Each structure stands twice: as structure tokens, then as C-alpha cells.
Amino acid sequence: MDDVITVDDTFSADRALRLIGRGSALHWTGDFHNAKQLLAALGRRVPVRRDGPFHTQRRRQAERARILNSLHVPMHDHTITLRRAPDVRAAYEEAFGPQGKEGPGEERPHGDRPGRERTPAAGPRWVPLRELLGVIGAYELRHRGVYVPALGQRIHPHYGVFAPTRSEYADLIAGQPLPTTGTAFDVGTGTGLLAAILSRRGIRHVVATDNNPRAITCARDNLRRLQMNATVLETDLFPPGRADLVVCNPPWIPATPITPLDHAVYDEDGRMLRTFLNTVRDHLEPGGEVWLILSDLAELLGLRSRGELLELVRGGGLEVVGRADITPRHRRARAETTSLWQLRPATTPAAAGLHRATE
Ligand SMILES: C[S@@+](CC[C@H](N)C(=O)[O-])C[C@H]1O[C@@H](n2cnc3c(N)ncnc32)[C@H](O)[C@@H]1O
């Protein structure tokens, strides 16, 4: 950050944008609600654009985040020291741990924070207002919960965990005839939603995994609230043992995550999907089945073709035995289709041979 400028209620959005454009961070000392209004005005001046190639869109998004994260507010011991500021202590403690032990300076809630600076312990910590509002929003969502029709109950997402705010994919898991009532794995469980649906549907032994510790705590919390008897393990992909059914709703865009929160959506080089498909066969009981939930957004964005996906399936020694599709309920949502791909170990000699060749 080139320089820091102290600003207050007298500052216009145009002037703020000019200074940010020159590389300045703005330290707000006025009224909290006026700071929110300035942030909203900045947002209107740099609108989200969804046209152009994917990589151009992402570059614009990163630039927009840089601009909006340049407006900082002072925080001291998880308290915003501004006029009319809300009490954010509970939200910060829930997201980052008790005061002094952990904080957004120690664990970065987002990666795109050009303006964060460490200040001496006695002074305030300056936090991007946009991130602060994200922490508050996550706190409210966690306590309100998200009603999931396929479960008939609310799921409570924690900060930093994929929230099923658009949960059509859960309908696919709830509606597909079950091949077993024995053992199921839910790989990349997030809030634990799919594990809860499997358990609710009568699968006796459900094991859910995730490699994000926040997701592990969150899934355990949700499964306990729902009184579901599932095991939750922090691990990369699969738990020990084999299952009759392996379910996975992986991050669906094969591109580099920019912020820690991106890891639920962006899969670097498609690594998780590739490794999952390449090894899932070794985690299936004889006669077992895989349910892969995948949106076709990567195909619509030109990041992966349908042919490449089917090649990954074949490369893992699997074949497609069924597919169920669903489109978003929300009218304004993108025109993407989410599918439940029903996969089994390939019986055709060519496909089975392909898997052996890659083992
Ligand atoms: C799209 S979210 C799906 C969450 C949840 N299953 C659902 O359907 O709501 C993908 C999840 O996969 C997890 N994940 C990503 N890579 C993983 C890996 N290598 N091993 C285990 N979990 C992983 C992420 O942390 C995230 O919770």
C-alpha cells in the first residue's frame, strides 16, 4: 500500500475512488453507517460485470475486491471504535476465536487484502469494512440458518464453510433411489448437509470428510443439532475403509482459489475432481456406487469440456449408469444445470483396462 489517508463523513465517493486508484488506503474515522454508505457508493461505481471470458471476469473481480477492501475501519479488541458501530465481538469471536488468541490479523479471512497493515499492539487494527460486513453476514446466516427443502430443516453454516443457500443439488441426493442402506461416505461434506440427508434416508453408517477444519466443526454441529448419527473426519478425500455408496459434491470450477473462502468452489487444476475419480473405485465395496454432483458451469465457461469429464470417469475405471439433472429455482441464477452422475466400476473390458493402466 503506497499511503494511508484518514477520511471522514465529509468525503465523497468520487474522491475516495480517485485516491484508491492512486494506491491509497482510506482509514475511516467518521460515523459507521456513513462508512457503509461510502462503501455502497464505491460498489456502484465499480459494478460487477459478467461479460467476457472467465479469466477477464476474475481479473475484474480481483480488482473490484482490491478497490472495495481499501476502505478500512478501526478495530480494538474485536470492537469497532466508531460512532454508531454495531457490537461485532460475538461475530469475530465465532469466526476467529477468543480475543487476543486469534484474530483476522493472524488468520486471514480472505486472501485479497492489499490494505491490511499490522499496527502496534496499543493502536487499533485497521480492517477492511467489506470484510467486516462479511463476518457479520456470516454470523447472522449461521444463527438464522438456511432452510433446505430436501431436508425439511435448517442447516447452520459456519464462517468459511460452503453455505447451501441454493440447495437444488440436495434435491438430487434426496430423490435418487438408494442403492444401499449400509455404508456411505460423503466426501467434502462442508456443513454436513448431504451426510444428513443420507442419514435421514436410512443409511445406517455415514462417514463424512472434509479437509477444511472449519467444515469439520460445522458438520459436527449440524449433525448433532439434527440428531443424526454420522462420523465426521478431517482428511484429504476418503476416510479409511470402503463404502457401498460414495457421494461427493466437489468444488466445481477448475481454477485457482484466490481467497481461503474460494476453496469450496474453485479446484486448482481440477485436482480434487481428478484425484477423486481416479481413486474412488478403491474405496467402494463390491457392487458399490458413486454419486458425483457437478454443475456444468465449468463447461459453460469453457474451462472443461463434457468429453474431458467423461474421460476422467473412464480413466478412473468407472462408467456412467445414470444421470439426473436439475436447474436453479432462482430465476436470476445462471443458466447452469447441476447433475447427479451415477457411476459404477466399469464392466466393459476397455474401461476396466484403462483403470488398471493408471493404477
Ligand atoms: C462445493 S463444497 C460442497 C459441500 C457440501 N458437500 C454440500 O454439498 O453442501 C465442496 C467441499 O469440498 C471440500 N474439499 C475440497 N477439497 C477437499 C479434499 N481434498 N478433501 C476433502 N474435502 C475437500 C471443501 O472444503 C468443501 O467443503
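**Figure 1. Burial of helix 7.** In helix 7 of this predicted model, Leu193, Leu194, Ala195, Ala196, Ile197, Leu198 and Ser199 are buried. Helix 7 spans residues 193-200, and because seven of its eight residues are buried, this helix is largely enclosed by the rest of the structure. Just after helix 7 comes Gly202, which takes a positive phi of about 110°.

**Figure 2. Surroundings of Thr180.** Thr180 belongs to the loop that lies between helix 6 (168-175) and strand 8 (183-187). With a relative accessibility of 14%, Thr180 counts as buried, because the limit for that class is under 20%. The side chain of Thr180 reaches the backbone nitrogen of Gly182 at 2.7 Å, and a polar contact of 3.5 Å joins the side chain of Thr180 to that of Asp244. When residues up to four places away in sequence are not counted, Thr180 touches Ile203, Asp244 and Leu245.

**Figure 3. The largest nonpolar core and the contacts of Trp28.** The largest nonpolar core holds 34 residues, of which Trp28, Val73, Ile80, Tyr92, Leu129 and Leu132 touch the most other members. At least two residues of this core are supplied by each of helix 1 (13-21), strand 2 (24-28), helix 2 (32-45), helix 3 (54-68), strand 3 (71-76), helix 4 and helix 5 (129-144). Helix 2 gives the most to this core, with six residues. Once neighbours within four places in sequence are left aside, the residues in contact with Trp28 include Val7, Asp8 and Asp9, together with Asn34, Ala35 and Leu38. Also in contact with Trp28 are Leu71, His72, Val73 and Pro74, as well as Leu82 and Trp126. A second, separate core of 30 residues includes Ile155, Ile197, Leu198 and Val232, and of these, Ile197 and Leu198 are among the buried residues of helix 7.

Figure 4. An α-helix has 3.6 residues a turn, so residues three or four places apart point the same way. Tyr92 counts as buried at 2% relative accessibility, and Phe96 is buried as well, with a relative accessible area of 1%. Together with Tyr159, Tyr92 and Phe96 form one aromatic cluster.

**Figure 5. The pair formed by Phe162 and Tyr169.** Phe162 and Tyr169 form an aromatic pair that is tilted, with 6.5 Å from centre to centre and 50° between the planes. Phe162 counts as partly exposed, at 26% relative accessibility, whereas Tyr169, at 9% relative accessibility, counts as buried.

**Figure 6. Arginine side chains over aromatic rings.** The charged end of Arg58 sits over the ring of Tyr266, at 3.8 Å from the centre of that ring. Arg323 lies over the face of Trp341, where the distance to the ring centre is 5.2 Å.

Note on methods: Residues are numbered from 1 along each chain as its sequence is written. This is a predicted model: local features need pLDDT of at least 70, side-chain atom pairs count only at pLDDT 80 or more; totals for chains, interfaces and linings use all residues. Side-chain values use heavy atoms; hydrogens and water are left out. Buried means under 20% relative accessible area, exposed over 50%, partly exposed in between (1.4 Å probe, protein chains only). Rings of Phe, Tyr and Trp (its six-membered ring) pair if their centres lie within 6.5 Å; planes under 30 degrees apart count as stacked, over 60 as edge-to-face and the rest as tilted. A charge sits over a ring if NZ of Lys or CZ of Arg is within 6 Å of the ring centre and within 35 degrees of the ring normal. A nonpolar core is a set of buried Ala, Val, Leu, Ile, Met, Phe, Trp, Tyr and Cys residues joined through side-chain atoms within 4.5 Å. Helices (H or I, at least four residues) and strands (E, at least two) are DSSP runs, numbered from the N terminus. Contact means heavy atoms within 4.5 Å. A polar contact is a pair of N or O atoms within 3.5 Å; within protein, one must be able to donate a hydrogen and the other to accept it, and residues adjacent in sequence count only if both atoms are side-chain atoms.
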